[in-house]
Amino acid sequence: MKYKQLLTLAFLALSANMVEAQNPIIRDQFTADPTARVFEGKMYVYPSHDIPSPIERLKEWFCMADYHVFSSENLVDWTDHGVIVSQENVPWVQPDSYSMWAPDCVYKNGKYYFYFPSTLKGEGKTGFAVGVATADKPYGPFKPEMNAIEGVDGIDPCVLVDKDGQSYIYWAGHGMSMAKLKDNMLELASEPVVVEGLPEGFKEGPFVFERNGKYYFTFPWVQDKTETLAYAMGNSPMGPFEFKGIIMEQSPTGCWTNHHSIVEYNGQWYLFYHHNDYSPEFDKNRSVRIDSLSFNADGTIRKVVPTLRGVGITDAHTPIQIDRYSSISPAGTSIVFLDEANKFEGWKAVFSGKDAWLQYNRVDFGKDKVKKVNVRVNSAAGGVLQICAGKNGPVIASVNIPQSRNWTVVSTPVSSAPTGVHDLFISLPKGNQAEVDWISFGK
């Protein structure tokens, strides 16, 4: 058994439902269309769940049978609370449709309301509808309603509970639509109206939020070939909205979809979105990411550049996946999968020559000085890997890498032990090639 698998088993023995940090944030299954909400002081993420299709008609399309929910207090360590709703336990859903697309969840009147689209069951019924499941806790158990919401014919529901208590629902399908919800959160309180003021082109996945009295109508939009994330602003929950521009540009690697949510947590705003990191050859299997988001003085949104590093502070004592780098040398360093046959094993950083380097930001060494560094490495020629506290900072350790054609963990005493939070700068001053899986520090 591989060393990394042994570590994983040990880790699971301590906490069976924890998943790793950095982008993507969920690293043991495909997740997409993330709606992030803050409940009970924690961040909860309600994504859709891509799976390889078990039926022929969806082999080349989106295939989703259920929903999980994940939570975190630090945006680094995520707990999978398991399946909360599946296509087999919703009375109005066609049980073999595999069409449990982008959901949402909100809290009102002491209950949590989980909104989700799917295909209607029954002879003569076609197309998508949106239904609701309710729970007393953000992680469930959720009980689906018997029927879908009458009047909502589409996908990608988003619900806004405004400051005055009035709730609104937004959805996609034949354009963008919106309506008021009754106080029971299960029925429309007004006739649906079309959202005006948006640019031409395909749009879906609305997410609406309020900040400083302004309402943001955000959405994936195909401006060119694949989806950007764009937005409009207004002074009320139902507009009118004025188009403002792009939040995130289209994927440079050709992932056709993007889908998102925007939320504030502990004074910082975050953009949750997805990309096909674990499935570069098939963009219908996506994975959730997070990056920080900020605003200009006039309330407009600053464009977000997607990162591998993501958000949060990494504990120096845990395996640091340096392949989720903050910056990288223009030549000499590459990132590739550890195992092409099992991409959920993750990635490795490949250093080739003395000009190779990468930087991994925000590592917390704590108050007590570490005494050694552990590096899981593979190098046919051997060499020296240097780890510094920042690009121009002191050398934490120089690790002699042995010649080997197998993965090995090398432990080396540190020469200068930092405390607190530092960036790591890793380079290969000696040697021609070294593959690094992770780095960790210990006593």
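# Cavity, pocket, cores and backbone

Five nonpolar, three polar and one charged residues line the largest cavity. In this classing, Ala, Val, Leu, Ile, Met, Phe, Trp, Tyr, Cys and Pro are nonpolar, Asp, Glu, Lys and Arg are charged, and the others, Gly among them, are polar. The model is predicted: local features need pLDDT of at least 70, side-chain atom pairs count only at pLDDT 80 or more, and totals for chains, interfaces and linings use all residues. Residues are numbered from 1 along each chain as its sequence is written, and side-chain values use heavy atoms, with hydrogens and water left out.

**Confidence**

- The protein has a mean pLDDT of 94 (the predictor's confidence in each residue, from 0 to 100). A pLDDT of 70 or more is reached by 95% of its residues.
- Residues 1–16 fall below 50 in pLDDT. In the model, this stretch still makes 16 contacts beyond near neighbours in sequence (a contact means heavy atoms within 4.5 Å).

**Largest cavity**

- One cavity of 30 Å³ or more turns up in a search of the whole structure. A cavity is a set of points, on a 1 Å grid over the protein atoms alone, where a 1.4 Å probe fits but cannot get out; lining residues have an atom within 4 Å of a point.
- The volume of the largest cavity is about 40 Å³. Volume here is the space filled by probe spheres set on the points, with grid points joined across faces, edges and corners.
- Its lining is made up of Thr-35, Pro-103, Asp-156, Pro-157, Cys-158, Pro-206, Phe-207, His-259 and His-260.
- Strand E10 (residues 155–161) gives the largest share of that lining, three residues. Strands (E, at least two residues) are DSSP runs, numbered from the N terminus.

**Second largest pocket**

- The second largest pocket holds about 620 Å³ of space. A pocket is an open set of points with protein on both sides within 12 Å along at least five of seven lines.
- Its lining counts 31 residues, and Thr-253, His-275, Asp-277, Arg-289 and Leu-308 are the closest to the pocket centre.
- Strand E19 (268–275) and strand E23 (333–337) each supply at least two lining residues. E23 gives the most, with five.
- By class, this lining has 14 nonpolar, eleven polar and six charged residues.

**Nonpolar cores**

- The largest nonpolar core has 57 residues. Such a core is a set of buried Ala, Val, Leu, Ile, Met, Phe, Trp, Tyr and Cys residues joined through side-chain atoms within 4.5 Å. Buried means under 20% relative accessible area, exposed over 50%, and partly exposed in between (1.4 Å probe, protein chains only).
- Val-85, Phe-114 and Phe-116 have the most contacts inside the largest core.
- A second, separate core has 31 residues, including Ile-322, Phe-365, Val-373 and Ala-397.

**Two loop residues**

- Ser-415 sits in the loop between strand E29 (408–413) and strand E30 (421–431). With a relative accessible area of 60%, Ser-415 is exposed.
- Leaving out residues up to four places away in sequence, Ser-415 touches Val-395, Ile-396 and Ala-397. Ser-415 and Ile-396 are 19 residues apart along the chain, yet their C-alpha atoms are separated by 5.5 Å.
- Gly-310 sits in the loop between strand E20 (287–293) and strand E21 (314–315). Its relative accessible area is 10%, so Gly-310 is buried.
- Again leaving out residues up to four places away, Gly-310 touches Asn-23, Ile-290, Asp-291 and Arg-362. The C-alpha atoms of Gly-310 and Asp-291, 19 residues apart along the chain, are separated by 5.2 Å.

**Backbone: cis peptides and positive phi**

- Gly-140 and Pro-141 are joined by a cis peptide bond, with omega about 10°. Pro-141 belongs to the loop between strand E8 (128–135) and strand E9 (143–144).
- The bond from Gly-239 to Pro-240 is cis, with omega near 10°. Pro-240 belongs to the loop between strand E16 (227–234) and strand E17 (241–248).
- Glu-40, a residue other than glycine, has a positive phi near 50°. Glu-40 is placed in the loop between strand E2 (32–39) and strand E3 (42–48) and is partly exposed, at 46% relative accessible area.
- Arg-362, a residue other than glycine, has a positive phi near 65°. Arg-362 is in strand E25 (residues 357–364) and is partly exposed, at 29% relative accessible area.

How values were computed. Helix = DSSP H or I, 4+ residues; strand = E, 2+ residues; numbered from the N terminus.
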